[in-house]
Amino acid sequence: MVTLTWIFSWFFFFQIPALYTRDDEEESVLRRASHEDQSKARKFLINVAETRQRILEREDTDNDLRITIEDRGPKTISLGTADSGGYRKLGIRGNYMLSNLLQELTLAEDYGRKFIVLDEARLSENPVTRLSRMIRNTFWRNLTRCMDADGLERICADTKDRTAATDNRPRIYVPHGEKAIYDYYRRARDERPHLKDLQVEYLPEDITAEFVRDINDRPGILALAMRPRRDANGMSNGVSDASDLEGLSFVVPGGRFNEMYGWDSYFSALGLILDGYIDLAKNMCEHFAFEIKHYGKILNANRSYYLCRSQPPLFTDMALRVYKELQQNDQLDEEQDGESNEDWLRRMLQAAIKEYHEIWMSSPRLDEATGLSRYRPDGLGIPPETEASHFDHVITQYAQRAGLSISEYDARYTSGEIREPALDSYFLHDRGVRESGHDTTYRLDDVCGDLATIDLNALLYRYEMDIGDAIDHLLGGDLKDMHGVPQTSDQWLARAQDRKDRINKYLWNERDSLYYDYDTIKKKQISYESVTAYWALWAGCASAEQAEALTTRSLYKFENKGGLVSGTEKSRGHITLDRPNRQWDFPFGWAPHQILAWEGFARYEMTEVANRLAYRWLYMITKSFVEFNGVVPEKYDVVSLSHKVEVEYGNQGTDFKFVPREGFGWMNASYQVGLTYLSRQATRALSTLADPDDLFAKSMEMEQQLQPQSIQMQAAACRRQSILAVRELQAELGNTITTKVNFNPNRTNDMLPADDDASYLFAPSFSMVPASPTSSMASEPVHPTND
């Protein structure tokens, strides 16, 4: 008995202190004891404010309010267990778990919690599952806007416009003739104290470039579609006066882009549809149809200074995807709006037809000689949404010649007081670059308005095919345009064939096995190697032989460790202080290019290539997510796998504290879409950050053996460049502590609830004190994957 008492006392006096260590000794309590049940979930009882402060003091050595691999802290912390009331201390380690802890504590603070019980499984959660869940349940919600009385103040805010200093009152422009919408906003202003300064103005029936220029000193948001208010059962009352209207929610890209954009909305919609937000994607189609009807085009975005510009046309595919979901889910619009799904699709395609004829197949965008289209919008003066100094390098020589300051010259030139043909030409092309969505790139610099680009004409081919196919296969041969003129599939398919022939004649280069843009003024192809060549695969206008050539003889130029690069280094040219990097050039990669390429390769049954490219892109996103506190940015350097880019406009989606709230619209979508291309095994590999070069080494070696020796050597050089860039970046980071993710899908704690478990929708990721014995901290499953 004495012996047992002595042993018991020895244990408490000598062993327990090792568990209840001081903060400066926390690294000594990092692992479970060997006798502990490894499958048993551990829960921690945490003081939210105190623990968050402790993490930041110990770990956030660069004071950016995030825990990343660039911090030099010990990467360890001890937490009190819930079953001991916080008395027994156990440790967690690693950058990923600590950054997750910081995020969970911040979310708890958002909900006003002082103490929480947190499951260890939440901190070591499979990063693929965690990111997909955050996109689905948090990011989309925080990117959602609505232009009703409640949401108007938020969306009126605009940090981009440098001309608004003269009149910064919130302002909304309403289309000519939309009296109910006009009255709605006037009433909202009168009834809501926070909207008392709101300016509500009608637009003229004829919107000219001169008018758009003249309102740049009083910029505003542009009204979007509204509908009669619905009752609790979702039924419309059919009344459309100001008292019974409601706004339709939509998604913005994020960061400084706080309005509804053109092609951003298409790519976001792909993710929204996968995540079950069909109504939200449908709303965005409604807004596009409204813009075409009232503003003449799908706008660059719904701000007054974008009234002259469109963006890459993707509307038909977006509408068809939404229609397919409505049909599959038996969501009959006629039950709510008296409109069948087919009638809804007819209305969307009527809007697309109007835009097709009046914008893309009309002057100044249509080149009569080639029959191909160009990004060549109307407009006058200097784009107001750029940074104040963005064009100083262009204007300086003209201002000096006129004896004026840059700001004085800017004002006089934009007003038309000073006329300068050289600047007119420059800004014509600059507006074209912005309409293309690729702002900016040396590919389009000072020439965009003259180019029949492969990307635009591939998209228009898809428009023509979509409309033709829909007439016969979805609408029973019954479609009229807005003027009541019947449309036939033969008519639209003939247009598609004609465009395909012209693309082959002017844009395809047999020698280089690549599509190039065509200069309609100089009457020749430009030799800039752009990844937009692969949009022809997405559209389906390439022959099987062309698709094979694009894959075997050209893909190596664009494929990097992190996915597809926008253009080749050779085409971009040498970078200097006077000729800086452009964000749509080498070495940067963007979500639209990846998504369209994946679908393009899949369309031509090159699924292994599509899967490999999707894995590369998702690997880079997941790696940054794990190492940099959950960051999901606008773009990446796909060569060095870095989101820290030194380029114009910076990188949206990276400016957050403690926890990511939005990600970035099309990047979020690319992750959700990309997961559908991965097999179950590839998804597991991704969750452990398995290197893509190792994962696909054998398959790529077999592919390359079929290629000519010259191409094998060039492909090897490209891969070597990416490897060296990654190593160089790691060297710059110094002695950082990286995280190896060891997610075990067979552990009970990592099992996932069913898809229909609605309790996770927008729920906090922690439990309240006291903890429920049945509460689960597991995560929702990612999208279904291929076996």
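Searching the whole structure turns up six cavities of 30 Å³ or more. Keep in mind that this is a predicted model.

The largest cavity comes in at about 320 Å³. Its lining is made up of 24 residues, and the ones nearest the centre are Arg256, Phe257, Tyr261, Asp439 and Gln583. Here's how the lining of that largest cavity splits by class:

| Class | Lining residues |
|---|---|
| Nonpolar | 10 residues |
| Polar | six residues |

Now for helix α18, which covers residues 489-506 and so counts 18 residues. From first C-alpha to last, α18 reaches 26 Å, close to the 26 Å you'd expect at 1.5 Å a residue. Which residues of α18 are buried? They are Ser489, Trp492, Ala496, Arg499, Ile503 and Tyr506. As a general point, an α-helix has 3.6 residues a turn, so residues three or four places apart point the same way. Over on the other side of α18, Asp490 and Lys505 are exposed.

Last, the cysteines. How many disulfides are there? The count comes to zero, with the cut-off being a pair of cysteine sulfur atoms within 2.5 Å. Cys285 is buried, at a relative accessible area of 0%. Cys448 is buried too, with a relative accessible area of 0%.

How values were computed. Residues are numbered from 1 along each chain as its sequence is written. This is a predicted model: local features need pLDDT of at least 70, side-chain atom pairs count only at pLDDT 80 or more; totals for chains, interfaces and linings use all residues. Side-chain values use heavy atoms; hydrogens and water are left out. On a 1 Å grid over the protein atoms alone, a cavity is a set of points where a 1.4 Å probe fits but cannot get out, and a pocket is an open set with protein on both sides within 12 Å along at least five of seven lines; lining residues have an atom within 4 Å of a point. Grid points are joined across faces, edges and corners, and a volume is the space filled by probe spheres set on the points. Ala, Val, Leu, Ile, Met, Phe, Trp, Tyr, Cys and Pro count as nonpolar, Asp, Glu, Lys and Arg as charged, and the others, Gly among them, as polar. Helices (H or I, at least four residues) and strands (E, at least two) are DSSP runs, numbered from the N terminus. The expected span of a helix is 1.5 Å times one less than its number of residues. Buried means under 20% relative accessible area, exposed over 50%, partly exposed in between (1.4 Å probe, protein chains only).
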